[in-house]
Amino acid sequence: MEVCYQLPVLPLDRLVPKHVLSRRGAISFSSSSSLFGAPDPRQLSQRRGAISYDSSDQTALYIRMLGDVRVRSQVGFEPERRISHPYLCIDFRTLHTRLGTSASTAPERRVHRLLSFQRYLHSYRLLRGVPQQIPLHILDEDYTGQAKCMLEKVGNWNFDIFLFDRLTNGNGLITLTFHLLNQYGLVELFQLDMVKLWRFLVMVQEDYHSDNPYHNAVHAADVTQAMYCYMREPMLAKSLTSCDIILGILAAATHDLDHPGVNQPFLIKTDHYLATLYRNTSVLENHHWKSAVGLLRETGLFSHLPAEDSLNMERELGSLILATDISRQNDYLSRFRRHLDQENLCLSNASHRHFILQMALKCADICNPCRPWELSKRWSEKVTEEFFQQGDIEKKHRLEVSPLFDRAINTVGNIQIGFMTYVAEPLFAEWTRFSDTRLSQTMLGHMGLNKASWLGLQQEQTSVSKEAEPSSADADSEGGGGGGAARRDSTTATAAGGTSAKEIPQGSKES
């Protein structure tokens, strides 16, 4: 039997909250993990240990290890600080960088990896000597409180992912995904190493760009929660295997990994490296998939599985993520409709189950119009702002502005009404044919109400514009010019009339 030793105290950068001190807990780690920033893993024993907090001292953590272990006195890590990214000059390459050579006397080691947007910028800042900011604290003081109560209702369709993300200190994706995997018993069933799993989830969340108004970790968490709701539907709950479930959860969590905040046409017309790499086909979706596979391999999450099983899971993960390409919406929808018309879907068939998972992920990806108005409106404003930001960049660099992306002639309302009419309604109508449940009817009901709300707002804006026209025209005539009024009439008509959602460009989507 191994003996537990108490090693020196490590100071914290902040006091441990008193409500945390009321309980004891531990965060385990292995010596092979770089999660805690040890410069040289060989300085740690090949054993596992834990960082535990003790109520006897509010300002310290105690290190308890099993066996004879040597521990460095400084343990800690900081995530990359996300900043805006230069869309037109980012290149993805395997960089050979010596990290931290000026800040540490530890032995140098080379880093060989395909860097994401975030990690490219991070390594660039390190080389320039720019200090990092805002460390990610290990102890989450809110998780055991209100966030835990919210997780008890994670299957409710009105789940407020924005509130949950605040309660988890911005770690909503990590907390939610870990909770769902644990709730299904997948951690134990697949014998996942807890440290590898946690490190994988941390890296996934880090590789989402927090500066994106829409395509960020909160959106990924929202899609993951929606995917969980769909997998609980009777048609799926009684048919899905454990492998299907873990793939569904991981695909939802990583489906927009390292999204740059611009769409596929933008990458193509700027001759971006990714567009060339993936031959202008499902460029973003391929990148999301490959980024997810890169993190799986880097963390070794599935390294204990047979090689064939691990590769098969990577391929199926890619198949799910690639299905979210909005430019292939009609292909998937036609196939789904054909199956429903012929009534030949058999969920005991693995390929049919996988196809339904693809459709479920597609629904989860664009389910914002089906949420309650308060949540749906907030998501609509976020995705439209991301569209407009791309339009601003295109104007700045004298590129052709993508349809719907010009804030001068488009509004949130006309974009959302078009999206619901031509994209969301046809998809969710077919999903309701497949699974006609209370949830499906609730989603259709919310979408109808939300569409009516946007139409009402559009009419109000149109009325206000028409009332303002006479006074503007009088002012212009008195000033000796009528050209300004004509221009305003044209702009108002364009915004009120709405750009057809059929003009949604390839690769642009609500998710």
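Glu314 is buried in this predicted model, because its relative accessibility is 8%, under the 20% cut-off. What does Glu314 form a salt bridge with? The partner is Arg297, and the closest N and O atoms of the two are 2.8 Å apart.

Two packed helices are described by the angle between their axes and the distance between the axes. Helix 14 packs with helix 10 (residues 242-254) at an angle of about 55 degrees, and the axes are 9 Å apart. The two helices are therefore oblique to each other, and their crossing is right-handed. Which residues make the contact? Helix 10 contributes Cys243, Ile246, Leu247, Gly248, Leu250, Ala251 and Thr254, and helix 14 contributes Met313, Glu316, Leu317, Leu320 and Ile321. Sorted by class, this contact has 9 nonpolar, 2 polar and 1 charged residues.

Let us now return to the salt bridges. Side chains of opposite charge can pair when their charged atoms come close. How many salt bridges does a search of the whole structure find? The search finds 13. One of them joins Glu394 to Lys269, with the closest N and O atoms 2.8 Å apart. Glu394 lies in helix 17 (residues 373-396) and Lys269 in helix 11 (residues 264-269), so this pair ties together parts that are 125 residues apart in sequence. Is Glu394 buried or exposed? Glu394 is buried, with a relative accessible area of 0%, whereas Lys269 counts as partly exposed at 32% relative accessibility.

A further salt bridge is formed by Asp341 and Arg433, where the closest N and O atoms are 2.8 Å apart. Here too distant parts of the chain are linked: Asp341 sits in helix 15 (residues 329-342) and Arg433 in helix 18 (residues 412-434), 92 residues apart. Arg433 counts as partly exposed, at 42% relative accessibility. Through salt bridges that share partners, Arg337, Asp341, Glu430 and Arg433 are joined into one network.

How values were computed:
Residues numbered from 1 in each chain as written. Predicted model: local features only at pLDDT ≥ 70, side-chain atom pairs only at ≥ 80, totals over all residues. Heavy atoms only, no water. Axes fitted to C-alpha atoms, helices over the stretch in contact; angles between N-to-C directions. Helix = DSSP H or I, 4+ residues; strand = E, 2+ residues; numbered from the N terminus. Parallel < 35°, antiparallel > 145°, perpendicular 65-115°, else oblique. Left-handed = near helix turned anticlockwise from the far one by under 90°. Contact = heavy atoms within 4.5 Å. Nonpolar A, V, L, I, M, F, W, Y, C, P; charged D, E, K, R; others polar. Salt bridge = Lys/Arg side-chain N within 4 Å of Asp/Glu carboxyl O. Buried < 20%, exposed > 50% of the residue type's maximum accessible area, 1.4 Å probe, protein only.
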